[in-house]
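Here is a short note to read beside the model. The points are numbered so that each can be checked in turn.

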Protein chains: 2
Amino acid sequence: MVTTLADIAQHVGVDVSTVSIVLNDRPKAQRLLKETRQRILDAARELNYQSSFTARALASGKTSTLALVCGGIDNPYFAQIASTALEQAAKLGYHLLINAVRWEQEEERRGVQMLLSRQVDGMLLHTGCLNDDSPLLKQLIKDNYPIVMLNLPKRYQHVSEVYSDFYPGLLAAVTHLKALGHQQVHFVEYLRMKHQPVAPKSVTFDKVCRELGVKASVSYCDLSTEACMEKGRQLAESPHQAVIAYSDNATIGIINGLLELGRDVPGDMDVIGMDGTRWSEQYNPSLACVVQDDVQLISQSLEILLAKIKNPQMPCSHVAVPTSFRMGRSVGMG
Amino acid sequence: MVTTLADIAQHVGVDVSTVSIVLNDRPKAQRLLKETRQRILDAARELNYQSSFTARALASGKTSTLALVCGGIDNPYFAQIASTALEQAAKLGYHLLINAVRWEQEEERRGVQMLLSRQVDGMLLHTGCLNDDSPLLKQLIKDNYPIVMLNLPKRYQHVSEVYSDFYPGLLAAVTHLKALGHQQVHFVEYLRMKHQPVAPKSVTFDKVCRELGVKASVSYCDLSTEACMEKGRQLAESPHQAVIAYSDNATIGIINGLLELGRDVPGDMDVIGMDGTRWSEQYNPSLACVVQDDVQLISQSLEILLAKIKNPQMPCSHVAVPTSFRMGRSVGMG
DNA sequence: GTGAAAGCGCTAACAG
DNA sequence: CTGTTAGCGCTTTCAC
């Protein structure tokens, strides 16, 4: 049998509302008779009271639950993001519902809708398709619903966003490659970015190369392991000797492709990844990476989100989190 | 503004209960006037009705939510389990709350308590500490609360459980090593298992070796990357030439330790992992593994859990999911 | 300082 | 076939 407010009220001989006020430590609770308060607290402990989330949620309209909509956590990058988010949300007293979606308009829409009907207090959106053309996003913005968009390749005016600034990391990465003597560097970009009117990683890469006087070239590659390995095989046959790829996953696939054709990394090709998940460090050779600071990414996002939840008037924030360069055995030491 | 049952009822000119019955497609709905039904359905669509989870949960006592309590999903193994669980639960129309806990009694207890107060309909427990001495688990069992325990190293009578049977995978693995000419094989077991009165992986390993006439030895190693690398360095200096380790993560750490001291894998040492996460295949050399079937593990668990939720009388199930052996470059081809 | 009462949106008997 | 009624357990406003 589970204890309710009413049980405590009866036990102590007061009204449920009094109990509610005390257990939630509302301002008014201070003005209660000290003794009444103590008796309520004691009874709660004694009866092992656990407030009912569902009842509380219905009555208050708050669920103490946030949601993270992101790509599948079978992807190490998202697994790391989700892990960090889970941990930090818990620390802040929130539950986190993870909604893993494929990179697909309709699926993302349904996911968000479902979370809304669940009345999550706010959402972290780390998805690909929910852009500002989407009626759903427009609706959310109009309703002033608390959301923070994570790592979108495009800037939004009317929504809070937190994103990695790839400039410092890429600058250091290309600088390192240049120091190794490379006059040109090749960038493998995510295929989907090819036709999007946005500023993907390769744009920052181009800029960095221009500044450093390094010749830049770009090609495209999809997410699948097979596609990345194939890209690695292609690169093995190409004149390129320095490559940066859009994610750790892609980079590892590419290296596996290079190794398959008997190339040596970094002997024949210096390779740098992006993301810098903790696992990529375990790879052999350990991956040199442009590292995203997932802890900052999430903590900034949650801070903004909670601020908005507490005060709906809060204006939008736009926070860039700097990336850095991590050395690894996949490039020469210089 | 959000649409409620009452809005629809008013719009159509019927009572809320009628609307509820129709929209939930209860048996009785079939007996309604076809026209009334259609008008309700139309109105729901027109007003873009979304039922409130919180209200439904409070009234029905069901939350359409399950929980997975497991280790941190920054561990690839748990990330894979969580990913699979997320996907399958969604397919079954359930949300999944993931509660990542450290391997620690009190933290697990608090996690489970919190989930209970959230009234999740059932739980998948993949934790280390919640054994049958725990009063909380005893309580859950007594309350006939739907839980399924995943991959415990010990068998429980009064709780449903689903676990990997490591015998077939280890048998194939050791058989392969024997075929390569190894007279003895070393097993690296998880340190925590050392003093537990349970049947950890190394026990199955011992059994397999005995059957195959291979000399078995066992040592222990903790989870941390550093500990595993150190173990690898130790093994590099040891006479062992064939090693199996308790997880993919540990195995990769061990190989990195071996490589650090200039050993070749599999040239100097044949190494086999356990778990067989999708990422370990990407490692270099790709990991030969005793593979756990996470999809089966989860689908069986969910099936049992949902059966229990639907019918509390359902007796406990005890399901073993066979493992298999996956070849990889970390062992000789034979 | 404490209690009474209304209501959050939905479900589920039971009555008509 | 459809409506009535009574909650689910908690929050919150207002009255005593």
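1. Buried area is the accessible area, found with a 1.4 Å probe, that two parts lose on being put together, summed over both. Between chain B and chain A it is about 3,400 Å². Carbon and sulfur atoms give 57% of that area. B:Thr54, B:Arg118 and B:Gln282 supply 19% of the area that chain B buries against chain A, more than any other three residues.

2. This is a predicted model, in which local features need pLDDT of at least 70 and side-chain atom pairs count only at pLDDT 80 or more, while totals for chains, interfaces and linings use all residues; side-chain values use heavy atoms, with hydrogens and water left out. Residues are numbered from 1 along each chain as its sequence is written, and chains are lettered from A and ligands numbered from 1 in the order in which they are written.

3. Contact means heavy atoms within 4.5 Å. Chain A and chain B each bring 39 residues to their contact. A salt bridge is a side-chain nitrogen of Lys or Arg within 4 Å of a carboxyl oxygen of Asp or Glu; between chain B and chain A the count is zero. Over all chains, the whole structure has 21 salt bridges.

4. One salt bridge joins the side chains of A:Arg326 and A:Glu281, at 3.7 Å from N to O. A:Arg326 lies in strand E12 (residues 324-326) of chain A and A:Glu281 in the loop between E9 and strand E10 (288-291), so the pair ties together parts that are 45 residues apart in sequence. Helices (H or I, at least four residues) and strands (E, at least two) are DSSP runs, numbered from the N terminus.

5. How do helices H1 (residues 5-12) and H3 (residues 34-46) of chain A pack, and at what angle? Their angle is about 125°, with the axes 9 Å apart. Axes are lines fitted to C-alpha atoms, for helices over the stretch in contact, and angles run from 0 to 180 degrees between N-to-C directions. Angles under 35 degrees count as roughly parallel, over 145 as roughly antiparallel, 65 to 115 as roughly perpendicular and the rest as oblique. H1(A) and H3(A) are therefore oblique to each other. From H1(A), A:Ile8, A:His11 and A:Val12 meet residues of H3(A) that include A:Arg39 and A:Ile40. The residues of this contact are five nonpolar, one polar and two charged. Here Ala, Val, Leu, Ile, Met, Phe, Trp, Tyr, Cys and Pro count as nonpolar, Asp, Glu, Lys and Arg as charged, and the others, Gly among them, as polar.

6. A:Ile40 also takes part in the contact of H3(A) with H2(A), where A:Thr18, A:Val19, A:Val22 and A:Leu23 are the H2(A) residues. Six residues of this contact are nonpolar, one is polar and one is charged. The axes of helix H2 (residues 16-23) of chain A and H3(A) come within 10 Å and cross at roughly 85°, and the two helices are therefore roughly perpendicular to each other.

7. Most residues other than glycine have a negative phi, and most peptide bonds are trans. A:Asn48 is not a glycine, yet has a positive phi of about 55°; its place is in the loop between H3 and helix H4 (53-60) of chain A. The peptide bond from A:Val265 to A:Pro266 is cis, with omega near 10°. In chain B, the bond from B:Val265 to B:Pro266 is cis, with omega near 10°.
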